[in-house]
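This briefing sets out the architecture of the chains shown below, grouped by topic. Please read it alongside the sequence and the model.

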Amino acid sequence: MNALIRIFAVLHKEFLQLSRDRLTFGMIVGIPLIQLMMFGYAINTDVRNLTAAYADETDSHLSRQFIADLTASQVISMQQRVNNADELMALLDAGQISIGVYVPNDFDRRVQQQDRSVAQLLVDGSDTIILGVAQQLTSVPVHFDSQVPPARQGAKIEVRNFYNPERRSAVNIVPGLVGVILTMTMVLFTAVAIVREKERGNMELLINTPVRTIELMLGKIIPYILIGLIQLVIILSLGWYFFEVPIRGSGLHVLFAALMFIATNLSLGLLISTTAGTQFQAMQLTFFFFLPSILLSGFMFPFDGMPQLAQNIAEILPLTHFNRLIRGIVLRGADISTLWLELAALGAFMVVALTLAVARFRKRLD
Amino acid sequence: MNAPAISAHGLTRKFGSLVAVNNVDLEIPAGKIYGFLGPNGSGKSTTIRMLCGLLLPSAGTATVMGMDTRQESEALKQQIGYMTQRFSLYEDLTVKENLRFISEVYAVSRAQRKARVEELLTQYNLREKERQRAGTLSGGQKQRLALAAATLHRPKILLLDEPTSAVDPQNRRDFWETLFELAEQGTTILVSTHYMDEAARCHSLAILDRGVKVADGSPRSLGENIDMRVIEVEASDPNRARLSLAQETKITSITQLGVRLRVLLPKTLPDALQMVQHNLQSAAINAEVREVFPDLEDIFVAVTQRRRAEVTP
């Protein structure tokens, strides 16, 4: 009974302080809003309008048709025409173009004979995404109208695109963003909430009262669980409104997965707070954890494409597991029970982090 | 006599190579105001923190209300009220919200909670400020709020760590009146200070110097027991008198207070008064010279000087 009163006391105090801390309050709503807009609109692996130039040494009807076809693909945007391959190279070196199209002076004959490459793409391959895009351009068909189109070469593999037929990056980004934002804000808020009391000297008073460690931690965590849920609603509803990201699975399953993830992050925040002495240290430690999370969890790059070592590291990050959960439920409409392994992983993190945090937290100053 | 409210034996605390508190013995009777007098860094705060279980002693033991501070620190917390040196209530909560929070944390029963907060608001003259955020209070108001919070659960022991360092003289007088009322009701109060006048108000006190307890007793007995005599010199030209007396190697210290000089000499010196008179006459300085009873400052200078002499031979 007394324990409940004390938990409620800490809880009540925390809400009062939160309602007066405008900066934190702004961050609760502001971070999801800004990040959603930033990532939703800016991150686009579906590349269009790469700057390009061309050198057409044939200048025939067919070569002009060929350049027009390439431009019509919208993958590249032709900036200028130059005279020869050397000038293309110069532009590429200067970084003014990403792709150069070189049409040799025997272009028509090459097309006729179909034994050699008809043209050359000079690609700035330092960005591998651009290189990948250039590959798409090679499938643009080139032949004379009078010519018989070349027969399909052998059997082809057909691609069927599930879950994201329009190939929009936002569909993948928005559910992933839920995890990223929750990681950033939840870990940081709890870590700072406790360290701030140390810094301001409140902790010396607090640890001299009968309040128990676990009561203090629960009182500190619960307000942030609510905040995490508010953020979840903001991101998913704005994602649905602005980027038409569907929620195919059950809302209840989304809620449950998110609750598990929020609790895991809050426990981690508490653990950080037992190590950090100042709010600045708490912030640094949070970012030390946040950066690998955002890079390795599969949010930015496909998990399977990473080297084995990176995959192993990713497996010990809660965000990796949450990404699989949330993408599974939101995009594929998966039932949460089929993803129980990811839930168990999150649960294990939480138990370990919370146990360590309670064990490390001392009601002492030394 | 009753068992002491606080007792400590060989209490020691080290921070790395620094010995903050060195082998301190304490015996503090119940219902009394006991002072810790000492300069900054003398180990007052560290001792108080060890007594309320916030710091573990490196060596030695302490019992408060018969409970060991190491093993029973949680049970002790209901008995101790602790006022930190730095204001440690929540500056972004109002006066009343702070008190309500403390009342809930100490799990005062629901019926009593409200009444107790109201009582304290009146008692500590905070009624008009109850809706004001604690961070915007003046030094005196903050101090009253902190004392109200520390006494909310009616502790038997109050540990006050330099409670008056940010408070004006009038507020200090009021504060001490409150302390005497609390002591009368049976609360044992341990208060650290570096103000001599405050130390003089305590029933008894310990003087701490660089982690070591160099003297203890009532202010009166401390004066009787020091091995120094104090000679007061009232001269028309105190500066010249001071320079002249400074030649005398047997004098322990000279302190100037306006036109008066307080001269400390070892008690073992047989004719100290004549020596001072003689010194001033030969320098042709007109002065009135008389022996006086040592005040706390004299005692403080005497005991710390003696220790310096021992430490640095």
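Chain B holds eleven helices and 14 strands, where helices (H or I, at least four residues) and strands (E, at least two) are DSSP runs numbered from the N terminus. The model is predicted: local features need pLDDT of at least 70, side-chain atom pairs count only at pLDDT 80 or more, and totals for chains, interfaces and linings use all residues. Residues are numbered from 1 along each chain as its sequence is written, while chains are lettered from A and ligands numbered from 1 in the order in which they are written.

**Chain B overall**

- The C-alpha atoms of chain B occupy a box of roughly 75 × 45 × 40 Å along the principal axes.
- Of its 313 residues, 44% count as buried in chain B; a residue is buried if 20 or more other C-beta atoms lie within 10 Å of its own, exposed if 12 or fewer, and partly exposed in between, with C-beta atoms placed from the backbone.
- Among contacts in chain B between residues at least 6 apart in sequence, 69% link residues at least 24 apart; two residues are in contact if their C-beta atoms, placed from the backbone, lie within 7 Å.
- Chain B is divided into domain 1 (6–217) and domain 2 (227–293), with bounds that come from an automatic or database domain assignment.
- A distance of 40 Å separates the C-alpha centres of domain 1 and domain 2 of chain B.

**The antiparallel sheet of chain B**

- An open sheet of four strands in chain B has the order β2-β1-β4-β5, with antiparallel pairing; two strands pair if DSSP finds at least two bridges between them.
- β2 (18–28) and β5 (67–68) of chain B are the edge strands, each with a single partner strand, so one side of each has no neighbour in the sheet.
- Seven bridges join β1 (residues 6–15) of chain B to β2(B) in the antiparallel sense, and Val19(B) in β2(B) is the bridge partner of Lys14(B).
- Helix α1 (residues 44–51) of chain B packs on this sheet, touching β1, β2 and β4 (59–64) of chain B, and its direction makes about 120 degrees with that of β1(B); axes are lines fitted to C-alpha atoms, for helices over the stretch in contact, and angles run from 0 to 180 degrees between N-to-C directions.

**The buried strand β8 of chain B**

- Six of the six residues of β8 (residues 188–193) of chain B are buried, so this strand is largely enclosed by the rest of the structure.
- β3 (residues 33–37) of chain B pairs with β8(B) in the parallel sense over five bridges, and Leu37(B) stands opposite Thr193(B).
- β7 (residues 157–161) of chain B also runs parallel to β8(B), joined by five bridges, and Asp161(B) stands opposite Ser192(B).

**Helix packing in chain B**

- The axes of α9 (residues 238–246) and α10 (residues 272–282) of chain B come within 10 Å and cross at roughly 115 degrees.
- Ala241(B), Ser244(B) and Leu245(B) in α9(B) meet Val276(B), Asn279(B) and Leu280(B) in α10(B).
- This contact of α9(B) with α10(B) has four nonpolar, two polar and no charged residues; Ala, Val, Leu, Ile, Met, Phe, Trp, Tyr, Cys and Pro count as nonpolar, Asp, Glu, Lys and Arg as charged, and the others, Gly among them, as polar.

- The domain assignment of chain A gives domain 1 (2–43 + 168–360) and domain 2 (50–137), whose C-alpha centres lie 48 Å apart.
- Four of the five residues of β3 (residues 99–103) of chain A are buried, so this strand is largely enclosed by the rest of the structure.
- β1 (residues 50–56) of chain A pairs with β3(A) in the parallel sense over five bridges, whereas β4 (residues 120–123) of chain A runs antiparallel to β3(A) and is joined to it by four bridges.
- Val101(A) in β3(A) stands opposite Tyr54(A) and also opposite Leu121(A) in β4(A).
- At the interface, 21 residues of chain A are in contact with 22 residues of chain B.
- On the side of chain A that touches chain B, α1 (2–20) and α8 (202–206) of chain A are the elements giving two or more residues, and α1(A) supplies the largest share, nine residues.
- By class, that side of chain A has nine nonpolar, six polar and six charged residues.
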